[in-house]
Structures are given as C-alpha cells and as structure tokens.
Amino acid sequence: MSDLFETYESDFQLALQEAKAKIGLVQLSSAGLRKDALQSIEHATDEALEILDQMNLEIQSLPANQRLSYNAKVRKYRSEVEANKQKLKELLDEEDRLELFGSRYTDNEEEGSQRKQLLSNNASLDRSLQRLRESQRVAIETEGIGGNILNDLRAQREQITNARSTLLTADNYVDRSVATLKLMSRRLVANKFISYAIIAVLIILIFLVLASKFW
C-alpha cells in the first residue's frame, strides 16, 4: 500500500469527521455560532474533496492490479462527502429561510424575490462547481489511463526491438554456419580428388615396377 495514500486517507478522515461533528452541532447553536459552524463545515468539506483529488492522483502511480480496490475506496469516500454536502445545503437553505422570515422587519416583495433569486443562483453555482470537480476527476483518470497505455506500448516496442535484434544475430550465426559447411564440403571434395590421385599414382608406380622386372 502507498504510504502517501495512507497519509491522504488519514487527513481525509479527519476533515470528514470534523464536518460531521459540526453538522451535529449546528441545530444546537445560536444564530451567530450557526454561521461559524456552517463555514467550518463548508471548509472541511472542500478540504475533503481536495484530498480526494490528491488520492486519485496517487492511485494513478500504483500498479494496475492494485487500482481497482483503491478506486472503489475513493468512490465510497466521495459518496460520503456528497452526503455531507447535501446536508450542508439543507442547513444553508434553512439558515437563509430563518434570515428571510425570522427577522424583525418584513421584507417587501421585491427584496424577497431578489433573495430567492440569490438562493437559486447559489444552488446553480454549487451544481456547476460539482460538475467541474467531476470533470476534473474524469480528466485525471483518463490522463492516468493514457499514460499507462503509453508505458505499455513503449514496453512492447522495446520487446519487439529486442526480438528483432535477437533474430538478426541468429541470422548471422546461420549464415556463418552455412558458409562453414560449404567450405568443409569443398575441402572434402578436394581431399577425395587428392586421395584418388595418390591412389592412381601408386597403381601406376606398381605397374611400372612390375613391368621393369619382366622386361
């Protein structure tokens, strides 16, 4: 297991637990303390998401056979953060309603409409930010997969190059062996002719010796 991943995981758990603890305290806090608690929850949630992004980057550096379990763990953590973000959104909406309807002075219709529009814009911005984070996560994963494919292709290219070099070396050995066999064959034929010539000369000499005795 990656030591850096374990460090990120520990930091993530601390940030997540902080957010959960603050969520439990919001309902029991006064108006002034609720705002501080909500800000703390938002900060801890953002920190947890940033740590998850770092964990995704660290996963890409791990061997391919280890990534599946780590990716599943990160997805589980991300779902927990999303649940916290949903609770935070509900608390923020509730806080806005308290400010809107619980103040001592009654807002006129135009101010109420502007407040609702502001809340709607904030919700839309939050959704856009979430889509951006998700796109960033997909881009990081895609980049990691592309890098692994390039590494695999590079390794395969090296293997093919090495195999080609081995084949060329083997071809050279075969050519040398064929040349050696041809040379040995030519020498064998030459030796045969020499042997035949020597035998022929000996036979002629024998005939000459015999002939000289009878003549």
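## Salt bridges in the model

A salt bridge is a side-chain nitrogen of Lys or Arg within 4 Å of a carboxyl oxygen of Asp or Glu. Side chains of opposite charge can pair when their charged atoms come close. This structure holds three salt bridges.

The structure is a predicted model, in which local features need pLDDT of at least 70 and side-chain atom pairs count only at pLDDT 80 or more, while totals for chains, interfaces and linings use all residues. Residues are numbered from 1 along each chain as its sequence is written, and side-chain values use heavy atoms, with hydrogens and water left out.

## Pairs between helices

E9 pairs with K73 in a salt bridge whose closest N and O atoms are 3.5 Å apart. E9 lies in helix 1 (residues 3–26) and K73 in helix 3 (residues 64–101), so this pair ties together parts that are 64 residues apart in sequence. Helices here (H or I, at least four residues) are DSSP runs, numbered from the N terminus. With a relative accessibility of 14%, E9 counts as buried, a term that means under 20% relative accessible area, with exposed meaning over 50% and partly exposed in between (1.4 Å probe, protein chains only). K73 is partly exposed, at 27% relative accessible area.

The salt bridge between D53 and R78 has its closest N and O atoms 3.8 Å apart. D53 lies in helix 2 (residues 31–60) and R78 in helix 3, so the pair ties together parts that are 25 residues apart in sequence. Both D53 and R78 are buried.

## Helix 3

K76 and E80 form a salt bridge in which the closest N and O atoms are 2.8 Å apart. Both residues lie in helix 3, four residues apart, about one turn of the helix. K76 is partly exposed, with a relative accessible area of 47%, and E80 is also partly exposed, at 21%.

R67 is another residue of helix 3. R67 counts as buried, at 14% relative accessibility. Leaving aside neighbours within four places in sequence, R67 is in contact (heavy atoms within 4.5 Å) with I59, Q60, L62 and N148.

## Annotated span

An unreviewed UniProt entry places the feature "transmembrane region" at residues 193–212. UniProt positions are given in the numbering used here, feature names are shortened, and annotations may be inferred rather than shown by experiment. In the model, residues 193–212 are 100% helix and 0% strand (strands being E runs of at least two residues), and the end C-alpha atoms of the span lie 28 Å apart.
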